[in-house]
Each structure stands twice: as structure tokens, then as C-alpha cells.
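Please look over the model shown here. A short report follows.

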Amino acid sequence: MPLSPATGALLVPLALLPISPPGAEGPAAPTADRVVDARFDRADGFVPARAITHAPDLVPYGSQVRVTVGRAAGHTTVSVELAGVAGPHEFPAHVHTGGCGADPAASGPHYQQVAGSEAADNEVRMTVRTDPGGAGVASATVPWEFRPDEAHSLVLHAGIPAGPHAAADRAACVDVDF
Ligand SMILES: [Cu+2]
């Protein structure tokens with residue numbers, strides 16, 4: 001069905017509204033923070049979710065996440081804010097290479113700046129410690145910038161001591177194009 005002229009006239013100005021803060025425009029864009037706000041949902045929903053929970057007991061449907069990626073002077077800072085999740089709890093959080101999927105393993109291995117390096121800051125890792133109300137914040141800064149199109153998710157691990165890197169330990173996943 002074609003849009004009525006009135007509807008079209010309304011849509012065009014809305015589409016042109018700036019969605020970034022004024023400072024994010026123009027040449028300054030590469031240093032602007034990138035923000036992903038999402039609510040965790042099931043992986044097999046009718047509308048593909050940007051944030052998927054694999055463990056609703058720890059990360060309930062509807063709980064919230066904000067991931068902020070900031071770059072400055074060759075450094076990258078990744079911040080994670082959680083609300084409405086289990087607490088108090090410690091969620092190890094890492095940047096992974098793959099996108100999120102119904103299979104927790106879809107997010108793939110950790111992104112590494114230098115493949116195979118054991119350097120402490122070779123990966124983006126942090127631990128989000130939530131309060132009794134299920135809110136928590138953490139951030140990590142590394143002295144490099146992501147290679148384009150090689151890091152696609154932030155994974156929240158359940159923090160199960162027996163399996164820190166098993167797919168079963170992946171409690172939730174957020175799609176972020178770092
Ligand atoms: Cu991980």
C-alpha cells in the first residue's frame with residue numbers, strides 16, 4: 001500500500017533527526033562513544049533480539065544492558081551496565097568474535113588483539129559485580145583499537161567455576177559491532 005503524501009511528509013523529517021549527540025558529528029565521529037542499549041530476550045523470538053539470554057535465572061527476560069565503546073588516542077574503553085539481573089553476582093564479561101545466536105557457542109572465541117598472545121591486555125575482559133538489586137557496572141580499557149568487523153559481541157558468563165570457557169557458562173550475549 002503506498003504511503004499517503006501526508007505520511008511521507010512526516011516520515012522524512014523524522015528520518016533526518018540526528019540520533020547522535022552534537023559532538024559525534026563530522027570529523028570527530030571516530031572518537032565518539034558508541035552506545036548499545038538493549039533488553040535481554042529469548043533467542044528464538046519472532047523479532048531477532050539484539051541481546052539474548054541463555055540463563056533466564058541469572059539474566060531474566062526484560063533485564064537491561066548498556067554497552068558503551070569509547071575510543072581515544074589509540075585506546076579503547078568498553079563499559080557494561082546491567083539492570084534487573086541476578087544480584088549479588090559476579091558476571092565475567094568479555095568481547096567475543098562472533099555474533100549472538102540461539103546456540104551459546106555462536107559467539108565464538110574471545111577477540112584477541114594478537115592471536116595467541118598471553119598478554120594481560122590482549123583481550124577485553126572485565127567482571128560486572130551486581131548489587132542485591134541486580135544492577136552493576138564495569139569497564140575495561142586496552143591500549144589498542146579493534147580491527148574492523150572482527151569483534152561482534154559482548155558475552156556475560158555465568159561465572160561457574162567448573163567451566164569458565166564452556167559454552168554452557170555463557171549466560172547472555174549482546175550484539176555489538178566493536
Ligand atoms: Cu568470554
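Is Asp44 buried or exposed? Asp44 is exposed, because 9 other C-beta atoms lie within 10 Å. The cut-offs: a residue with 20 or more other C-beta atoms within 10 Å of its own is buried, one with 12 or fewer is exposed, and one in between is partly exposed, with C-beta atoms placed from the backbone. Asp44 sits in the loop between strand S1 (34-41) and strand S2 (51-53). Its C-alpha atom is 6.6 Å from that of Ala102, 58 residues apart along the chain.

This is a predicted model: local features need pLDDT of at least 70, side-chain atom pairs count only at pLDDT 80 or more, and totals for chains, interfaces and linings use all residues. Residues are numbered from 1 along each chain as its sequence is written.

The protein has one helix and nine strands. The order from the N terminus is α-β-β-β-β-β-β-β-β-β. Helices (H or I, at least four residues) and strands (E, at least two) are DSSP runs, numbered from the N terminus. Of the 178 residues, 29% count as buried.

Strand S9 (residues 170-175) is largely enclosed by the rest of the structure, because six of its six residues are buried. S9 pairs with S2 and with strand S8 (residues 153-157), where pairing requires at least two DSSP bridges between two strands.

| Strand pair | Bridges | Direction | Residues opposite |
|---|---|---|---|
| S2 and S9 | Three bridges | antiparallel | Ile52 and Cys173 |
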